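Visitor: Please take a close look at a single part of this structure and describe how the side chains there are paired.

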Amino acid sequence: MTANFAKGPGVNLTKGQAISLQKNDGGTLTAVRMGLGWQAAPRRGLFGSRTREIDLDASAVLFAEKQPIDVVFFRHLVSDDGSVKHTGDNLVGGAGQGGDDEAILVDLARVPVHIDQIVFTVNSFTGQTFQEVQNAFCRIVDETNGEELARYTLDGGGQFTAQIMAKVHRAGGGWQMTAIGNPANGRTFQDLMPAILPHL
């Protein structure tokens with residue numbers, strides 16, 4: 001299913017849905033931001049509710065013909081070619097106002113021609129499952145004007161510590177974003193490689 005962006009609020013993506021990263025005026029997006037936000041879910045205990053800090057990490061893996069070429073994550077904040085940048089590690093999440101706790105900026109115009117897919121993943125570095133996370137989302141924003149283009153909500157919780165969130169990939173002369181939303185297990189992007197490969 002492919003949809004072009006409409007004016008106003010972004011598209012709420014469902015698993016497997018693809019959207020063309022095209023502007024309404026027919027122009028092409030030049031820079032996008034993949035934002036990630038989350039909060040720790042309160043846990044009921046003997047002495048009332050309390051929350052445990054949860055460290056989710058956003059990563060972007062750059063592929064050329066299904067081979068991983070580079071990765072951007074909290075220990076490598078800028079891709080070797082400079083086209084993908086991580087804004088920095090957030091150890092606790094919980095902006096809570098719908099803001100991004102972590103973000104990865106992609107300068108689509110600068111992505112080298114041999115890179116054909118960029119896959120965005122989220123993993124729980126502290127090892128908690130998504131049952132302990134609430135209000136988690138990833139969204140794609142037009143970095144030139146701040147307009148939210150699409151949002152994918154992590155729901156369902158479950159006994160998973162990671163999620164293959166979405167990918168941007170070349171399509172014709174432009175780019176598309178596809179929501180993947182595939183649960184996985186792993187504390188780092190390296191752990192997730194076997195789960196990523198079927199989505200390329």
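Guide: R139 is buried, with a relative accessible area of 12%; buried denotes under 20%, exposed over 50% and partly exposed the range in between, computed with a 1.4 Å probe on protein chains only. The model is a predicted one, in which local features require pLDDT of at least 70 and side-chain atom pairs count only at pLDDT 80 or more, while totals for chains, interfaces and linings use all residues. Residues are numbered from 1 along each chain as its sequence is written, and side-chain values rest on heavy atoms, with hydrogens and water left out.

R139 forms a salt bridge with D100, at 2.8 Å from N to O; the term requires a side-chain nitrogen of Lys or Arg within 4 Å of a carboxyl oxygen of Asp or Glu. Because R139 belongs to strand β12 (residues 133–142) and D100 to the loop between β9 and β10, this pair ties together parts 39 residues apart in sequence. Strands are DSSP runs of E, at least two residues long, numbered from the N terminus.

R139 also meets E148, with the closest N and O atoms 2.9 Å apart, and both of these residues are buried.

D100, in turn, has a salt bridge to R33 at 3.2 Å, N to O. R33 lies in strand β4, so this contact ties together parts 67 residues apart in sequence. D100 is partly exposed at 23% relative accessibility, whereas R33, at 18%, counts as buried.

These contacts belong to a network of salt bridges that links R33, D100, R139, E143, E148 and R151. The count of salt bridges by this rule is five.

How values were computed: Helix = DSSP H or I, 4+ residues; strand = E, 2+ residues; numbered from the N terminus.
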